[in-house]
Amino acid sequence: MMQLMNDIKPVTYLKSRAADVLKHINETHRPMIITQNGEAKAVIQDPQSYEDMKNAISLLKLLSFAEEDIKNGNVQSEEDVFRSVEDLLKK
């Protein structure tokens, strides 16, 4: 929690120290929360962490779809799956 408190800055801090903010988020890989009038208004994040987050969300969505299929009984045996793949590769 203490680290998070250090990563919350007002928009005036961002305006006056943009280069420092960019250096900080790229070195620490921690996002920075920007406030305006005491309210959180934006989150700034380094590109690699952003990509990692997007990839993690995509995987979670796929898992969610898979869980839904399992709940609905929309499953196939391993043999059927491999047979289907082999048939597709033969075409």
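1. Helices (H or I, at least four residues) and strands (E, at least two) are themselves DSSP runs, numbered from the N terminus. With that in hand, you can look at lysine 9, which stands opposite isoleucine 34 in β2.

2. A word on the source. This is a predicted model, where local features need pLDDT of at least 70 and side-chain atom pairs count only at pLDDT 80 or more, while totals for chains, interfaces and linings use all residues. Residues are numbered from 1 along each chain as its sequence is written, and side-chain values use heavy atoms, with hydrogens and water left out.

3. Now the overall picture. Along its principal axes, the C-alpha trace spans about 60 × 30 × 20 Å.

4. How much of the chain is buried? Buried residues are 11% of the 91, where buried means under 20% relative accessible area, exposed over 50%, and partly exposed in between (1.4 Å probe, protein chains only).

5. On to the sheet. Its three strands make an open sheet in the order β1-β2-β3, with mixed pairing. β1 and β3 (39–44) are the edge strands, each pairing on one side only. β1 and β2 run in the parallel sense over three bridges, and proline 10 has threonine 35 in β2 as its bridge partner.

6. The other pairing, β2 with β3, is antiparallel over five bridges, and here isoleucine 33 stands opposite valine 43 in β3. These two strands form a hairpin with two residues between them, and asparagine 37 in the turn has a positive phi of about 55 degrees.

7. Next, the core. A nonpolar core is a set of buried Ala, Val, Leu, Ile, Met, Phe, Trp, Tyr and Cys residues joined through side-chain atoms within 4.5 Å. The largest one here has five residues: Val21, Ile25, Met32, Ile34 and Ile44. Both α3 (18–28) and β2 (32–36) supply at least two residues of this core. In soluble globular proteins, nonpolar side chains tend to be buried together.

8. Take isoleucine 25, which sits in helix α3. Isoleucine 25 is buried, with a relative accessible area of 1%. Contact means heavy atoms within 4.5 Å; not counting residues up to four places away in sequence, isoleucine 25 touches Arg30, Met32, Ile44, Gln45 and Asp46. Aspartate 80, by contrast, is 55 residues from isoleucine 25 in sequence and 48 Å away in space, C-alpha to C-alpha.

9. Last, have a look at aspartate 7, in the loop between α1 (2–6) and β1 (8–10). Is aspartate 7 buried or exposed? Aspartate 7 is buried, with a relative accessible area of 3%. Its side chain makes a polar contact of 3.1 Å with that of histidine 24. A polar contact is a pair of N or O atoms within 3.5 Å; within protein, one must be able to donate a hydrogen and the other to accept it, and residues adjacent in sequence count only if both atoms are side-chain atoms.

Key:
Pairing = 2+ DSSP bridges.
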